[in-house]
Structures are given as structure tokens and as C-alpha cells.
Amino acid sequence: MSPAANKACAALIMARSWESDTGVAQPPASTITFPFRTIEKDDRPRLNMGRPLISVSLSLLMLTSLLCIASPSVLADESSEIVEPICNANRNLTWTVGLIYCDDRVDLDYTLFAPMSSASTYLIDTHGREIHSWTSSSGLRPGLSAYMLDDGDLLRTANIGTDGGGSFSGGGIAGKIERLSWNSQMEWEWYYVGDSRRSHHDIEPLPNGNFLMIAWESKSVEQAEQAGRDPDKMSQNQLWPDHIVEVEPVGTDQANIVWEWHIWDHLIQDFDSTKDNYGVVADHPELLDINFADAAGPNKYKSDWMHCNGIDYNPILDQIALSCKNTNEIYLIDHSTTTAEAASHSGGNSGKGGDLLYRWGNPEAYRAGTPEDQQLFGQHDIHWIQEGRPGAGDLSLFNNGVGRSTSYSSVDVISPPLVNGEYVIQPGSAWGPAAPSWSWDQGTDMYGTSISGSERLENGNTLVTWGQRGTFYEVNLEGEIVWEYINPVIGNGPMNQGETIPQGQNVNSQQNTVFKAHRYNSSFAGFVGKDLTPGDYVESWTDNCNKEESIPWDSDGDGCIDDTDGDGVKDNADICRGFDDAIDVDSDSIPDGCDDLVDSDGDGVENSQDICPGFDDSIDVDSDGIPDGCDAILDSDGDGVSDDLDTCSGFDDTIDVDDDGIADGCDSLIDSDGDGISDEVDVCDGHDDAIDLDGDGIPDGCDSLIDSDGDEISDDEDLCDGFDDALDVDGDGIADGCDSLIDSDGDGVSDTEDQCSGFNDTIDQDDDGIPDDCDQTPLPVEEQANVTDLEPTEDKPESSTSQDSEASESKMNSAVIIAVIGLLIVFISAARLLFMRPPPEELEWSSAPPLDVFASPTPEHYPPEPMQSVAEQPQIEVIVQGPPLPATGLPAGWTMEQWQHYGQQYLDELNGHNNG
């Protein structure tokens, strides 16, 4: 289980143990605790609705608890699982040779190396243990390379010294090739020596079973000068240009040369136009200037003019890569040619014969740059990065750095400009790239003036050979050393561990030199059927614990399993390497040093950050930032009242606006004035909204005018409750609604019974029942005109008729005069009102104004019919006057008769006046 799973189990077990300790199925407090949720007491009805889900959850909880409890051994096993390191060594302070350092980023494959002072070749594993070795029965040192073949045999070069003829000498001299079986039997040997030739430095096995080999050929001074060599650049009596041969082994000591290429066929010079190869050097980068030499030191023009030291083959391109130290260049050559084509300038896949397809490292050599443009400095071991490895198709080499302004070596990777099978170059310029695509160095701490090599591995790391110090590094792409091994073999055999490696003949070298190392993975065909059981270290050493298999737990190399952290537990049993396994504060079986979470109280919070040790920091019911276990008061709603005493959970108990003993948060009706209406909708705070005597929708407590009868007079000042105090038709100071006698004309007769409104009904001179002011003949009969004429009408018809006519005309004239006078009075009154009174406010009437003029029935007037004389008397029209109509016309709902009687009162009320 992971630490997180352990924590989860611990938490579940704690929950189960709580239940067993208390003996109840749920906490007795106000909450019920479930995983991931706290449920309030009020939620229990809802819990009943979700009982199936809760039942399933509880079942899973119990099952998980049982699993945690039932399998403690499994938990212990998983938490204490020991991860064996891939490689574990850090012996810089204890070892002088062999495995010095490694970590888990190393490539777990096998390394082949051939010490330059020994006839033996070694295959070791990552831990520096010997897997196998070959020793040549010839006793010859390598000259200089060695390779494994697909059948497990070893193909090696051998240094025969000056034997075999010729004056060839110098670094890398060989002369012989040997093939040794897995058991070191000499299966095949062949010499390539003579007065005019000698193999040296490197070979390259080919897929067809043949191999390529670098060799010198001897040219005399005359031959060199005829080829265009400047005599001043001949410091010795020979010139040794390089050539390549492809060798087919035959029998046990014979061979056929099936293909060859000579640089001598691809020269140019601009020194002597009378000699061979004359031309413009800058125009022919595919050819080598015979007069260009760039070796460092005083022997720049020695016989070993090119000093080619590394060769590689690319089966996909069918091309050869060649590294030549003294020109500080690498070259690519077409291998698809015949030997004849290789000697010419055409043929092969490239169509260029044996000319150089590409060159890089020193553009000054073909007049495309200056010394400042030089990139390579005495480099070694050119090879293509194989397919399937990072940088596949690029070229890798060890750039020794000889002649650099700062003396240091580097491993460089370059990406040739290969486009559609051709290496692109612009006329007059140098071949790219301008700089390596990847490079690694250790500054001046790693500087080798000769030999050395590099190789990109399958895991992306790079195997580096610092040849003069016999030291191998494995470096990742970030430049970090993940493996270091120092060759323990010198001239007299393997050294004893702890001895100092003797110095070599050169200042920068030791006696454990190695030309270059190679790495083979476990799937290599040559290992099929072979015993790869690791043996002991190559060097002699003292095993302090020889009965104990210490690898890979022996970092310091004493043969004993380390107790790196000194906790008394050996690394192979150490649960937490680098820390004391015995320190486990939270008792979760994970030592604190390796515990992602040291959590003693199982609350998921690191002890160092635990706010409330011993309690669950995540339980904080009141969310005040203080876990409940350390909280002096649990107050979820922050009202200062503990949750267990809180009468209104979630709200402030102290807030009780209406002072009814129920906190507002839980009060269904907050009613401060006790009128049964909530404060938030109360129209009249502090008063009873239900009391509205005048029914105007404004509670009396907030009503500025309590006016039950709508007469705009407060009830407590109202003279006539229920009636409009302003209505006083008869102007007697008593509102009509409370007036026992409404007598507008003051004649003692109620308006409702008044026969002659506006006049005194008691004046009736003729006693005919019609008040005089409304009587057309108010005088008694004897007082009326023409009563003295008692003659019969028939006796005096003309006179009688004339008198009647005159009397009638006189009556008519009187009526007209009275009418005219009445009209004048009306007009004068109207004019007086118009000019003397302020203009009334412009009101918009939707109905008749609230004048209670119809509160009592309108008095009906039935004037008595006039007394008729013997002769029919003409009728005089009775004109009842009234005020002029307003500009808006007769008020809505009014009749003209009402207007005549009450119009003036309406106008006075409208204008705020009372005329009595």
C-alpha cells in the first residue's frame, strides 16, 4: 500500500475504534459524523430518506476497516519494500582504479576495452566485475583497436613494432590483425606490413564479414615533389599518405584485399604548375591539398603527414568516415565504388568516385576559412550515431583540443548537411555546420593530447574514453556523469586496489592508457550461448565481507553491505536509506525520513504544520480556524454562544429586534410593534397597522389627518361627524349634515319645503298660497288695475278689449323689466366674483367634486297655479336664477336644477370661500 492508503486505513480504524469504545452507533452530541460530511441533528429526517445510500457507505466502511485490520502483514511488506539500486558506487575517496562511481541512470550493458600495455582484452559489467577476457597467444599489445564479432570472437589489431620491413614508426603502429575465439584461440591472423605499407590505429568490422583497415603507404621525396609537394615541407625522407583497404579473411592466415581507396588519388596543389595535381585549391574542396599540414608542434611536416586514426562505416549510406589528426579534419568517402572508381573522380552512388564527399573541422585546409574557423584539434574516433539512438545519423568524435587556445578535450556531435544524398556546400564557403549540435567537456580537468574516443549509447547516454588516463565516463545528455571506471591494467598486469597508477612516457598520460572503449548490450548476437556470469573485479582487492554478496549495496567498495545512514540497518534491508529507520513518530511503519506525511494524529496534516496535535485539524465545525479539539468554544454562527447552548443555530442569538425571546434568525414573525405584521412589511412602525379609523389605507399611528368623513377636517376637530363640515347651504354656521333647519333664504321654512327659494315664503299678500315673490299676481283682487269698470263687456266691446290689451301689455312689460333686472344682477355678480376673487387652482375633475350637496333630498318647488280671471290671463315665465356655469361646463352628474340651487356653494367650495 502507498503511504496515502496507509493513512486512509488508519483513519478508518480510528473511526471504528471510536464506535467500539463508546458502545454506541453514533455520537451522543448534536452531530452525527460520517466520512467526508457532518450532518446536523435537523438533517436526520433527510437521512431517513437516504438510508439505502448510507447503508452502502457504512458497509464499505466496515469492509475497508476489516481489510486494513485483517492484512497487517501485507501492509508491512508493502511499506517496507526495498528497491535494489541499479548501480551504487561512490569510491572517489577509497578506490584508485576500477569502478569509481555509478548511479541508477547508468546503461546496464557490457564494456569492452583493450589496455594498450597488455595482450589481454576485457569485458566488464556496469559494476566493474569481469565478465570475460581474451588474451592473445602472440603476446602483442594492441595496435590499437579491438572489436567483438557477432559470433563472440574478438577482432583486434596487434603492434608488431618495427618488424616486417619499412621505416614506419610512431603512434598507433600495428602491422597485424588477429581473430581470437571466445576461449582466446587464435583462429586467424594476418599481417599487413612491408617496405611500402603498414596498418595502424583502427579497423572496422563490416556486415559481410570483411573489415576495413587504415594503413600508411610510403612515398619517396621524388614522388612527393612530383605530386606537387613543396620540398620545404619535407622534413623527412618519406611521405606517408593514408589509404584504406577492405580485407576478406581467408583460411587461418590469408586474406584478399577486395577494395581499396588512396588519398594519393585525390590531391590538389597550387605550389608548382609544372607538377601533378595543379589547380585552384579553393575551387576543389573535394580534394586534399598535398601541402597543407596542421599538426601541432615542431614536426608539422613529418612523414606521418595525415595521421588518420579512426574509421567507421555506415551501411545505410554505404559510406566511410575517416578521422585524420594532423589535418584536423574528418572526411566522408563513397564505399559503393569499385577500386578503379575509388581511384577516380566519378562513379559510385555519389557519382564522384573516390573524391571527398564531405569534410569538416578545418576550413583553412581548402581555403574556405582562417585558423579562427578551426573546429577540430587533433581529434580521434569518428563514428556515426546508430539508428534508434538520440542523434541518429550525426557524427560523434573525441575532440582532443591539441592547439586550442585553452587546453581541454571535448566530445562533439555534428550534423552534416545531407540533403537528398548530397552534402550541400555553397561555392566559396565551408561545409556546415558552424558548430557542434551537442558537446560535453570538463574544462581543463579533462585534457588528452592523443588517443581517446566516444560512443552514443542506446539509452541516450554517451560513453567517453579519456585514453591517456585510461578513464571511462558515461555521461547523460544533460552532461552529468552517471558512471566512471578507471582501467586497472598496466604493463605487468592488473593493479592492486588503492595503488597509484604510474605515470606514462608523456606528461599527460599514465601507464593504464586505452585507445577507446566500446559498449555491447545484453542482446548482442555475440553473447548468445555465452556464460556472462560476473566474476570478480579485474584488479586485486581486499573483501572485508567475503561471505556476503555486497553488490550493488557496497558503495564504498569494502566488500560489505553498507549501512549508509548509520541507523544499524544495512542498506539491503533499510526501508528508508539515508535516514534512521527507527524514527517513526506517527507509527505508520514508514520511517519519518521517507514519510511523505508525518502525521501522528492521522488528520492528514504534517506534524510540523499541525494546529491541534492529537486531534483532526480538518474538523472545525464553527470554521473559526481553530480545530474543534483545541477550540475553547464551538460557535458555528459566531454569536458568542456555544453550539450546544445555541437556541438558533446559524444565527446570532443576541439579535432579537422584537424582543419576543426568539432570536431573529429563527423567528417566524419579527413584529416590534406587536400589530401582527412583520417589521419588513410594516407600514407604520411602532403602531398598529390595523387601526385606520378613516379607512384611507394609512394606519392612524402614521396618519397626519384622521378624517373619517373625508371633509379634510380631523376627526377630533370635526363639528359634524360623518358629514362634510364645509357644506352649509344656508350659511348659518351649522354644517348641513347636522343642521335641523336648512333655510337658505331665512324665511323660517326649510329649503326642502320652501315654495319660493331665495324669498320669504311667509309673504303672501293675496293669501293665495303662493309667496308674493313667486306670485305673478301678488296683490289682492281689489287692488289690481281696471277693476272699476263694471260695465258688461258686450256693452263696450271695444273699450273692454282695449283695456284688457293694455292691462296685458302692462303685465308683459313688467315681467320683461324684472327679467332684465335679474339678468343684470347675475352678470354683475359673476363679474364681481371674476375680478375680486383669486383664480381657482386648475383642477382636473374625473367626477363631481366631493360636495355633499345631495346629502339631503333636493327641495322640490311646485309653485301654485296662478289664479285665472274670468278672462284667460297670459302666463308670465318664472325665471329661477343661478350662478354662471364654469368654463368646464356643468359638473358631471349634476342637473341644471341642482346647479341653480347649489351652484354658488359648489363654486365657493371650489375656490375655498363660503359666502354664507
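This is a predicted model: local features need pLDDT of at least 70, side-chain atom pairs count only at pLDDT 80 or more; totals for chains, interfaces and linings use all residues.
The chain contains 8 helices and 36 strands. Of its 916 residues, 43% count as buried. Among contacts between residues at least 6 apart in sequence, 48% join residues at least 24 apart.

The structure holds 9 disulfides.

| Disulfide | S to S distance |
|---|---|
| Cys 612 and Cys 630 | 1.9 Å |
| Cys 648 and Cys 666 | 2.0 Å |
| Cys 684 and Cys 702 | 1.9 Å |

The link of Cys 612 and Cys 630 is right-handed, with 90° about the S-S bond. Both cysteines lie in the loop between β36 (518-520) and α7 (797-836), 18 residues apart. Cys 612 has a relative accessible area of 0% and is buried, whereas Cys 630, at 41%, is partly exposed.

For Cys 648 and Cys 666, the torsion about the S-S bond is about 100°, so this disulfide is right-handed. Cys 648 and Cys 666 are placed in the loop between β36 and α7, so the pair ties together parts that are 18 residues apart in sequence. Cys 648 is buried at 1% relative accessible area, while Cys 666 is partly exposed at 40%.

The link of Cys 684 and Cys 702 is right-handed, with 90° about the S-S bond. Cys 684 and Cys 702 are found in the loop between β36 and α7, 18 residues apart. Cys 684 counts as buried, with 0% relative accessibility, and Cys 702 counts as partly exposed, with 42%.

Methods: Residues are numbered from 1 along each chain as its sequence is written. Side-chain values use heavy atoms; hydrogens and water are left out. Helices (H or I, at least four residues) and strands (E, at least two) are DSSP runs, numbered from the N terminus. Buried means under 20% relative accessible area, exposed over 50%, partly exposed in between (1.4 Å probe, protein chains only). Contact means heavy atoms within 4.5 Å. A disulfide is a pair of cysteine sulfur atoms within 2.5 Å.
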